[in-house]
Amino acid sequence: MIKLDLRGKNILLTGASKGIGKGIADFLMEMGATLAIHYNSHRSSAQKLAVKYDTGSRVFQADLEKESNVIRLFEEVTAEFGKIDAIILNAGVFLKHSTSLSTEEWLKTWRKTININLNSVGLLTKLGIDHFKENDGGRFIYIGSRAVFRGETEEYLAYAASKGGLTSLARSVARSFGKVNIKSFIVSPGFTRTAMAEQFIDQYGEERVLKEIALNELTRPKDLAPLIGLMCSGLMDHATGATIDINAGSHIR
């Protein structure tokens, strides 16, 4: 098992109460990190995570679709912990909106997806840059998607666009702020076994998903977590700006 020393690291992780975020949170706290565990509606899951390890982690609620909530979240986390060492931008939605819908319905889902997946990320990036400049640097880790590089199906145009914007943002942060000790990384997963994935499997069958990948089993949240821990630790700083694919060989660049 990988062992990292993340004691003394304060990390803000969005979307930490379920799915990929929950797996990342569990690993980081096991390695000693103190987490700001963000959730929107799954409070009980977030609270259980916070007390699982004795690291002083705390839970913070925010609806990332709302700009005011994003700002409040950052203010509450910095008030509680003082310095933040890393920000992991994981929260996101994967909402279906086929072009066969009316323009009004299609646009409603587009806006919601962009607000949560990209606008909140941009705002937290700006707030994080200001904070890191005042505190001798820090690290951003953006959870992207293979959809950026291979495209998505027509039902998920907003999702693909949001993750494309996120990826370009992350690369631009790496290029622009490395000299002030700010690093930026992108982790690009494919289909990952989460509750959301289970719904897809229940509808279409696991064989359809397994046919897309090169391995015999789907990627799990715990398969992403050690890499993200390395990024938080500082051991990967010279990979700033890099995008690392973890998608079981379903899309190889």
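Me: How do the axes of α1 and α9 cross?
Reply: The axes of helix α1 (residues 19-30) and helix α9 (residues 221-233) come within 8 Å and cross at roughly 55°. That makes α1 oblique to α9. This is a predicted model, where local features need pLDDT of at least 70 and side-chain atom pairs count only at pLDDT 80 or more, while totals for chains, interfaces and linings use all residues. Residues are numbered from 1 along each chain as its sequence is written, and side-chain values use heavy atoms, leaving out hydrogens and water.

Me: What does oblique stand for?
Reply: Angles under 35 degrees count as roughly parallel, over 145 as roughly antiparallel, 65 to 115 as roughly perpendicular, and the rest as oblique. Axes are lines fitted to C-alpha atoms, for helices over the stretch in contact, and angles run from 0 to 180 degrees between N-to-C directions. Helices (H or I, at least four residues) and strands (E, at least two) are DSSP runs, numbered from the N terminus.

Me: Which residues make the contact of α1 with α9?
Reply: From α1 come G19, I20, G23, I24, F27 and L28. From α9 come P221, L224, A225, P226, I228, G229 and C232. Contact means heavy atoms within 4.5 Å.

Me: How many of those are nonpolar, polar or charged?
Reply: The contact of α1 with α9 has 10 nonpolar, three polar and no charged residues. Ala, Val, Leu, Ile, Met, Phe, Trp, Tyr, Cys and Pro count as nonpolar, Asp, Glu, Lys and Arg as charged, and the others, Gly among them, as polar.

Me: New topic. What is the strand order in the sheet?
Reply: The order is β3-β2-β1-β4-β5-β6-β7. It is an open sheet of seven strands, with parallel pairing. Two strands pair if DSSP finds at least two bridges between them.

Me: Which strands stand at the edges?
Reply: β3 (58-61) and β7 (243-246) do. Each has a single partner strand, so one side of each is left without a neighbour in the sheet. Neighbouring strands of this sheet are turned by 20° against each other on average, direction ignored.

Me: How many bridges join β1 to β2?
Reply: Four bridges join β1 (residues 10-13) to β2 (residues 34-39). I11 stands opposite L35 in β2.

Me: Where does α3 pack?
Reply: Helix α3 (residues 67-81) packs on the sheet, touching β1, β2, β3 and β4 (86-89). Its direction makes about 160° with that of β3. Helix α2 (residues 43-52) lies across β2 and β3, running at about 175° to β2.

Me: And α3 with α4, at what angle do they cross?
Reply: At roughly 30°, with the axes of α3 and α4 (residues 103-134) coming within 10 Å. α3 and α4 are therefore roughly parallel to each other. By class, their contact has six nonpolar, four polar and one charged residues.

Me: How far apart are the axes of α4 and α6?
Reply: They are 9 Å apart, and α4 and α6 (residues 157-177) pack at an angle of about 15°. So α4 and α6 are roughly parallel to each other. Their contact has 14 nonpolar, six polar and two charged residues.

Me: Last one. How many aromatic pairs are there?
Reply: Six. Rings of Phe, Tyr and Trp (its six-membered ring) pair if their centres lie within 6.5 Å; planes under 30 degrees apart count as stacked, over 60 as edge-to-face and the rest as tilted. F60 and F81 form an edge-to-face pair, 6.0 Å centre to centre with 70° between the planes. F60 sits in strand β3 and F81 in helix α3, 21 residues apart.
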